[in-house]
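Have the viewer open beside you as you read.

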Amino acid sequence: MADCKLTPTPGDPVCDFKATATGAVTLEVKGLTGSIEFQKAKYNGTSVITAPATTITFTIVAGNTNLDIVYNFSDPAHGKGSLNEVCSDNTKLKDVDANTTAVRYVICA
Amino acid sequence: MKLLLSIVLLTLGALKVYGQPDTCAPLLQAVLNATTPDQRNNAIGELTKLGGHPLCFAEIVTRSPSGERAAYVSFIKNLEAHRTDKQAGSSTGTGGTTNLVSKGVTAQALSVAAEYGALTESVSSQVVTLQGSLDGIPTALIRQGFVRYCPKEGQGSEDRECIHQSLLGFLRRISYGVSFNTSTNSQAVTGTATGPQTGSAQLVTFTPSGNQISSATGRVVLWNARDATSSTFQEQWKKALNPGTGAKTNSSTASQPPQGGANGAASGTAKDATKSTCSRAGDNTTKNGSGGTNRASPAFLDSAADTLMSALESLIPRADNKIWKDWANRANQALKGARDTDLGTVWEHCSLQLIDLLQGKSSANQCGGDPQLTDADKKKFSDPNLPDHAISFIQASSEYRFEEDQFVACMAEKPVLTLEYDYNQALNQISTSTVRLIFDKGFKKNWSVTFNGAFAIYDSTPSSSIPGASRLRDSQVGVQVDRKLPALSFLGTPSLNGAYYFQYQNSPSILNVTPSTPLAGIALTGLSGSATQVFAQKGNLHVGQLKLVLGSGQSSVRFPLAFSYSNRTDLIAKPVWRGQIGISYDFDALFAK
C-alpha cells in the first residue's frame, strides 16, 4: 500500500488538504448511511472519472489546486460518509453528507 | 395561472430581507458548539473555505443587496427564453395492442406506442396511445429551472417557494392515457341523397363519422411498496448508475393493453394481468424482486451532475484567486477574535465584503482589516457576474437533488395495487367503461407476477330486443408472469412474459349497423334492411399469450413481439392464432437538458 500524501487541515483558512509530495494519489468515498459514489470529479480543471465510481486517482501538482467533486447518494435525505485517501493509513480527509452534493476542495502542495 | 404563480413565488424568494440562510446555520453553530480552542479554530476554518459549503455561499450572494436584483432579472430572462412549455401501448380494449396484460404505471411525461395487432378483437387496427402521469408537468418545470425543488427531508425541505417531493410523489401515483385509432377505417363518410335526381346525377349531403379517440384511461396507485435502504436496493442502485456494467434492465413497453373491441367488435377488455412499471421504458430501467422498474434514467442524473459541476466551477473562487485568499486570511482572524454573541454579525460583514470584492467593487463592510490587493489582482480575479453564478448554482443544486430523489424513487417505489378506469369508444359499438384492480409483485431477482380483476359495463342500456343483453358486459381475470432475460449489447435487456386471460361474457357483443354503411372489416350478408344492431353468440374467452420485448441499445425504443391463442374472439366462436408487433418510444428523454 502506498504512503499517504494528503493531510487534512481543517483550521487552515484556505487549504482543505496539504500534500507532502506531488504525484499520484487515490481517494475513495465510503458510505456510512447508504451508499455514496463520485458522480463527477475534476482535478485542476481536468476530469478524473468517466463514470460514477467509488475511487478516483489523479496526480497532485505543485501549488494550490482545486479538486471538484459531485457526490451521488443512495439516501439523498440522510446519506453520510467520508472521503478517505487509499494509502497505508487510509487517512480520513473529510466528512461527506447528502446536504452538500457538490464541493470544491483546495489542495496545497 | 401556473406561470403567474411561479413568477410570484420566485419574486418573493428573490426579495427576501437579507439574512443568513439556513444552509449556513450549521456552520456557525459548529463554531458556537466548539468545546476546545482547536475545535473552534477548525470550525472557523471551514467557514472561510467556501468550496466546502457552496450552497451556503450561493444563498448569501443571492440574499445580498446586489444579489436580490440580479436574481429577479435573471428569472425574467429565463422566463422569456422559455416561452413554450415542453413539453408510450394502449390499454386493453382499443383495437390494436400487443399487451394482453395491463401495466400499473405509465410514462412520466409522454410515451407513445404505436401498435398493430389485436388480442381479443376480431379486426386489427392501428392504435397510437399517448399517456403520462400528473407529475409530468411539475417535473418539467423543475428541470427547466422555473421552480425550485424541495426534498422531503434534509436541507431545503422547509422551504415554501418550491415543489415538494411529497407532492410529486402523490401526483406520480395518478396517470392517464388517450388512445387514437389511426387506421383508415376509423373514419367513415355517409352520403344521403338530399335532392332530386337530375339525369344520371343526384345531390348528396356527406356526413363524416368516426371515433379517432378510441379510449381514455385513468389510473391511481393505491399501494406502493418502498425499499430504499436494504443492501439489495443499494446493489441495484450502484448497478443502475452504471448500466454498461451489467445493470439489470427492463425493456417493458410503456404501452398499456387496449380496451374495448376492435372495429366492429364489442369484445370488452383484452387486459389481463397489469404490470406495474415506472414511466420510462428505457435501457437503464432496473427491475428488482418486487417487480417495479426504474423510472429515472442515469442520463438525467448525469446531465444534472454536469450542470452542477459547471455551476460550482463558476461560483466558487479558484484556489489561486487572490481576492478570496486575502479575504479568507483576514476573515479567519476576525472570526477567531469575535465573541460568540458577535459571531453572526462579524460573519455577515465579512461575507458581504467578500461578495463586493469578488464583483470588483469597493466595500463599506469591514472584515479584519483592509484588503491587501493590487489593482491588477482586483481586475484579474473579480467577476461581476457573481450573482448570476449563484442563482445558477442554486438552480443546478435543486435540480440535481431532484434527479437523485427521482432515481431512488423509481427503484425504491413499486406499485403493488392499482385501480384503473377505462372508457372505450370503439367504432360502431356502444361505449363501455371498465374498472380494473391490478396487483403486481416481484419474487426472486428476475421474476414478477401480476394479477388483474375487472368488470366492464355498457355506458347505455342495450336494446331489450337483444336476448341476454344487460349493462354488465363482462367480467375478467388475468395473470402474467415476467422474466427478465440477460442483457444483449445491441438489444438492451429483453424480457419474456407469459399471460393468461379469461373473460366471462355476461352480455353478447353488440355492433351498431346502418344498412347503407358497411362495417369496417366486416361483411354482413342476409341482414334485414331494418336492422340497426347485430349481436354475436355469447361465450367465455380463454386467451394465452407469449411475448418477447426487445430494446435497442441505450435508446428508449422498445419492440414487443407477441403470439397469442384464444378459443374464440368477441365475435367469432372459433379458435384463433395471432401475432402482434409494436414499437414504443419514451419521450421523457427529450426533457433532459
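**Strands, sheet and neighbours**

I began with β1(A) and β2(A), the latter covering residues 17-19: they pair in the antiparallel sense over three bridges. Bear in mind that I am working with a predicted model. Within this pair, I found Thr7(A) standing opposite Lys18(A) of β2(A).

Next I traced the sheet that holds them. It is open, has six strands in the order β1-β2-β10-β7-β4-β5 (chain A), and its pairing is mixed. Its edge strands are β1 (6-8) and β5 (46-47) of chain A, and each of these pairs on one side only.

Then I asked myself which helices of chain B lie across β4, β7 and β10 of chain A. Helix α9 of chain B, residues 298-315, is one; I noted that it runs at about 45° to β4(A). Helix α13 of chain B, residues 386-412, lies across these strands too, at about 40° to β7(A).

**Chain A overall**

I counted the elements of chain A and got 10 strands and zero helices. Its radius of gyration is 13 Å, close to the 13 Å from the globule rule for 109 residues, so chain A is as compact as a globular protein of that length. I also boxed the C-alpha atoms along the principal axes and got roughly 35 × 30 × 30 Å.

For burial, I noted that 57% of the 109 residues in chain A are buried. The chain exposes about 4000 Å², with carbon and sulfur atoms supplying 49% of that area.

Last, I checked contacts in chain A between residues at least 6 apart in sequence: 63% of them join residues at least 24 apart.

Technical notes:
Residues numbered from 1 in each chain as written. Chains lettered and ligands numbered in written order. Predicted model: local features only at pLDDT ≥ 70, side-chain atom pairs only at ≥ 80, totals over all residues. Heavy atoms only, no water. Pairing = 2+ DSSP bridges. Helix = DSSP H or I, 4+ residues; strand = E, 2+ residues; numbered from the N terminus. Contact = heavy atoms within 4.5 Å. Axes fitted to C-alpha atoms, helices over the stretch in contact; angles between N-to-C directions. Rg over C-alpha atoms; globule rule 2.2 N^0.38 Å. Buried < 20%, exposed > 50% of the residue type's maximum accessible area, 1.4 Å probe, protein only. Areas by Shrake-Rupley, 256 points an atom, 1.4 Å probe, with all protein chains shown as cover.
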